[in-house]
Amino acid sequence: MDLRAGDSWGMLACLCTVLWHLPAVPALNRTGDPGPGPSIQKTYDLTRYLEHQLRSLAGTYLNYLGPPFNEPDFNPPRLGAETLPRATVNLDVWRSLNDKLRLTQNYEAYSHLLCYLRGLNRQAATGELRRSLAHFCTSLQGLLGSIAGVMAALGYPLPQPLPGTEPTWAPGPAHSDFLQKMDDFWLLKELQTWLWRSAKDFNRLKKKMQPPAAAVTLHLEAHGF
Amino acid sequence: MMLQIWLVQALVVFLTTQCIGELVDTCGVISPESPVIQHGSNFTAFCVLNEKCMSIYEVNASHIIWKANRVLIPKEQYTIINTTTSSVTFTNTSLTNVQLICNILAFGQIEMNIYGVRMRTGFPPEKPKNLTCIVNEGKRMMCQWDPGRETHLETNFTVKSEWATEKFEDCKAKPETPTSCIVEYSPVYFVNIEVWVEAQNALGKVASDHINFDPVDKVKPNPPRNLSVSNSEELSSILKLTWINPSIMNVMRLKYDIHYKTKDASTWSQIPPEDTATTRTSFTVQDLKPFTEYVFRIRCMKGDGKGFWSDWSEDARGVTYEARPSKAPSFWYKIPSHTQGSRSVQLIWKTLPPSEANGKILDYEVTLTRWKSRSQNYTVNDTNLTVNLTNDRYIATLAARNLVGKSDASVLTIPACDFQATHPITDLKAYPKDNMLWVEWTPPGKAVRKYILEWCVLSDKSPCIPDWQQESGIVRRTYLRGELLGSKCYLITVTPVYSDGPGSPESTKAYLKQAPPSKGPTVRTKKVGKNEAVLQWDQLPVDVQNGFIRNYTIFYRTIIGNETAVNVDSSHTEYTLTSLNSDTLYMVRMTAYTDEGGKDGPEFTFTTPKFAQGEIEAIVVPVCLAFLLTTLLGVLFCFNKRDLIKKHIWPNVPDPSKSHIAQWSPHTPPRHNFNSKDQIYSDGNFTDVSVVEIEANDKKPFPEDLKSLDLFKKEKISTEGHSSGIGGSSCMSSSRPSISSGDENESAQNTSSTVQYSTVVHSGYRHQVPSVQVFSRSESTQPLLDSEERPEDLQLVDNVDSGDGILPQQQYFKQNCHQPKTSPDISHFERSKQVSSSNEEDFLRLKQQQISDPISQSCGAEQMKMFQGVSTTDVFGSETEAPAERLETAGMEAAVDEGMPKSYLPQTVRQGGYVPQ
């Protein structure tokens, strides 16, 4: 954003333009809707909250899986779990993503992850762990709803769920117990990575949505002069 | 297969209903079966009879009667629909619970119950209002609402919640808590949720407004934990707080609310909220007092202010570090003793209050500096120091010391011994206000360094133990900082202190709180008059006054009368009640009043006297004086007119000296000693009576004689047989004077037979020859005394008498004439001589006395007394009359006295036959 570099008149012009076009922004055009800004902020907070939540949940779950999964330096190569959406991406590629694609990727990833997580929940042995996982699932579903809300606010269509990607996380006979645990491990790890990434995504999106507010501030300052 | 099952079921149901129908078949039914009616609406119930009953009991719908709670419903409310159905209509139903029964009158008269239903009345639910939800950290979300009015029916509340994409489980409120519900799931923060509540009962269903919120905005966090306080040695005014945030801190930013107070304070102070608006785990509180214990507490909430404050954390305590004492201690001195050349001075000071001590006071440093000499230093732990000083001027300084440092020094000038205090304060006033005793004064013209206020309780029982306090020189008004008691008199002294020493003190008295006196004054009378009484009382002792005595009231009354009250100024101790009734019992009591009320003293009674003081005297004294005066005047009068009185009162004792007999017998032997009784009694005879027998024809009886004779006759009768010669003679003599006087009145000196000395017994007396008795006697009884003592004289007279009737009388008087010293009869004699010689008038007077004499003397049985009485009268008479003459006579007659008596003695012996009978 180059607005900060411009002079005050330029700012004012920009502000006027933005304000003029503000009613035209689809996301803001809905009556009673506070706009995408709060939603994005909330989604960002939610990712942070889920990240925090997952940290304790993962600790509990990895302990439940037992060693070596609960060891701090356990870092196995990612062999299986190809079906899991991969969060890691080239930085340049990530930067070049537009908002729609970025939100769509997030939405799709969490949709998949949620399915897998529900499978995890079904396997969980202890009640306490199951409750934590259930709550996390609910929260993740909330995130999914939030992302959908943001996308709706920004006027992007929700991606159609791919047929066949629905609950496919079933303990297959090919998986050994260790490999299954490995899948669980990778699910949690990928979930964590995605939450980091989403935090960054929504932070970026949040900053991107802030300019009008900044312009208002600048306008007030200019008026003060 | 299915069909078969259905058939079986249908059969069972049919059979069952048949059986039941047979068992509990009724004559009719009410519809609706269990009605629920909205309050205030109309309601109609129908009773339908079955045909069987109608025929059995011969009834139709017109025989139906309705009862509500066993009370007959008026027939106006009935409607007969047809022969089998009757309806009843209720308008504006208000009863909440009604038992409605349909009856028939069987055979037109027997009442039978047909069917009954219970009607319930209530309201449809109102739309729940004020739905709010709260998320207690770590717990589930709870929503609560206002259900509106009471429905009187069973009403269910259900909290419904959903996301845009997902519905959550309903939360059904429990019957015991119909206004709140705790949802089953943990809320998901940062995702908006829509919540509403539905209320439903038999009369309807209604939903509240939907609320849409992010649960994170409804969070009530847990309070911060492990709050601790630490102080700083560098800064005594700060304390640092540290704590552990609740775990919700990971989800949201927090802001804090920190409260603090000193240990004993009741209200909390707040740290400005803007200083604690961000998430943190410690905070440093500034501007605290040194060496003071503070209490802290903290709470938190979401940083943007949405949600709820957490509960308060547990209190944490901390003490700030010490600082140097901020003020110099109050400093004063007393001089308990003073001797020639030196004085003992007690320096006293007050401990600093904790707010000024700023730490634990370790000790006090005192310096004493005599004028232009080295100072002496003392370190004292106590709050006083006694030193011996010379009479010079000293400067004393005092500083308090604690761990950190030393206070400023208090400076006090102890003036020289000959210092004269001046410049007192003026207009000193003390008054209570707001339960404190305030002291106010006008400063003197001179610059005051400080004021010292001393006060103590005035009491008769305990000495004045003063407390004191110091005020700075600019203070004009202060209150006494001490534990003062009500109803105690405080003596307050204010002393201004100048740079050169203390000024003159000024004192006043005050009460913190007055009360009525605990004892009333005891009144007594000082003086009680006929119409007034002076009352007196003592001032009440200060211990019972309980306040300033403003005035007294004296109440006084009689037993029956109304009470009268008199107000008396408090300065008096005496009062005079006036206009009292005399001889009346009065009851008087006194009340002493302070500003707060009065107290009665004991009742005192007194009685006013009948007469005023001096009234009796005023009456008695003049009366006595008058009496005295009268008596005196009377005496004086009597004295002056004694002769006249004497003439009237005393008997006329014949004066033998005036008797002619005295002149007749110049040989009358000289007078003998009166006291020579031995001679008289030696003879063993009473020979002093001479009996002269005179022939009846010797004398011519006078009418007076006849009278005397009669009298004598009477006497004779009474004394007959035992009267002595003397008695007889005396009686005769007593009657005789009147004869003789009468005789003498006629013929003075030359009377031949009338004057007789003694009783003249008729010759027939001895021989009991009744004949006319003639009495003759001497005019005086006095010679009887002489004859008593000197029987020879009488003898002589006897002899004379026997010879001649006249001569013996003269003889006798001569005899008397010769004893001038021993006998008072001299005067008589003397006078008689004078009378006989020249004075006719005197003689006449004497005769009168002689006449009165027998009258004054009784002539009964006491003849002896008569003799004595006559002689004494003579003595009196002689002495008062003319003593000078008597002396003269004595000298003249002295020669005659000697040698004469002897010649009579033989005669006395000779006369033995004259012994009285």
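Here are legends for a set of close-up views of this predicted model.

**View 1. Chain A is built from helices.**
Let's start with the whole chain before zooming in. Chain A comes to seven helices and zero strands. Read from the N terminus on, its elements go α-α-α-α-α-α-α. How much of chain A is buried? Of its 225 residues, 41% are buried. Now look at contacts in chain A with a separation of 6 or more: 82% of them are between residues 24 or more positions apart.

**View 2. Helix H2 of chain A packs against helix H5.**
Here you see H2(A), which covers residues 36–65, with H5(A) beside it. Their axes are 9 Å apart, and the packing angle is about 160°. Do these two helices run roughly parallel or roughly antiparallel? Angles over 145 degrees count as roughly antiparallel, so that is the label for H2(A) and H5(A). Their crossing is left-handed. If you sort the residues of this contact by class, you get 18 nonpolar, ten polar and no charged ones.

**View 3. Helix H5 of chain A also meets helix H6.**
This close-up shows H5(A), residues 127–154, and H6(A), residues 177–209. The two axes come within 13 Å and cross at roughly 30°. An angle under 35 degrees counts as roughly parallel, so H5(A) and H6(A) are roughly parallel to each other. The crossing of this pair is left-handed. Which residues make the contact? From H5(A) come A:Phe136, A:Leu140, A:Leu143, A:Ile147, A:Val150 and A:Leu154. From H6(A) come A:Leu191, A:Leu195, A:Phe202, A:Leu205 and A:Met209. Sorted by class, the residues of this contact are eleven nonpolar, no polar and no charged.

**View 4. The largest nonpolar core has residues from chains A and B.**
The largest nonpolar core holds 94 residues. Which residues have the most contacts inside it? They are A:Tyr110 and B:Phe296, so look for one in each chain. H5(A) gives this core its largest share, with twelve residues.

**View 5. B:Ile81 sits in a loop of chain B.**
Now we move to a single residue. You'll find B:Ile81 in the loop between strand S6 (78–80) and strand S7 (85–90) of chain B. Is B:Ile81 buried, exposed or partly exposed? Its relative accessibility is 48%, so B:Ile81 counts as partly exposed. Leaving out residues up to four places away in sequence, B:Ile81 touches B:Phe46, B:Ser86 and B:Ser87. Find B:Ser62 too: it is 19 residues from B:Ile81 in sequence, and their C-alpha atoms are 9.4 Å apart.

**View 6. B:Lys289 sits in another loop of chain B.**
Where is B:Lys289? Look in the loop between strand S23 (282–285) and strand S24 (293–302) of chain B. B:Lys289 has 48% relative accessibility, so this residue counts as partly exposed. What does B:Lys289 contact, once its neighbours within four places in sequence are set aside? The answer is B:Ser236, B:Tyr294 and B:Thr320. B:Ile238 is 51 residues away from B:Lys289 along the chain, yet the C-alpha atoms of the two are separated by 8.3 Å.

Technical notes
Residues numbered from 1 in each chain as written. Chains lettered and ligands numbered in written order. Predicted model: local features only at pLDDT ≥ 70, side-chain atom pairs only at ≥ 80, totals over all residues. Heavy atoms only, no water. Axes fitted to C-alpha atoms, helices over the stretch in contact; angles between N-to-C directions. Helix = DSSP H or I, 4+ residues; strand = E, 2+ residues; numbered from the N terminus. Parallel < 35°, antiparallel > 145°, perpendicular 65-115°, else oblique. Left-handed = near helix turned anticlockwise from the far one by under 90°. Contact = heavy atoms within 4.5 Å. Nonpolar A, V, L, I, M, F, W, Y, C, P; charged D, E, K, R; others polar. Core = buried A, V, L, I, M, F, W, Y, C linked by side-chain atoms within 4.5 Å. Buried < 20%, exposed > 50% of the residue type's maximum accessible area, 1.4 Å probe, protein only.
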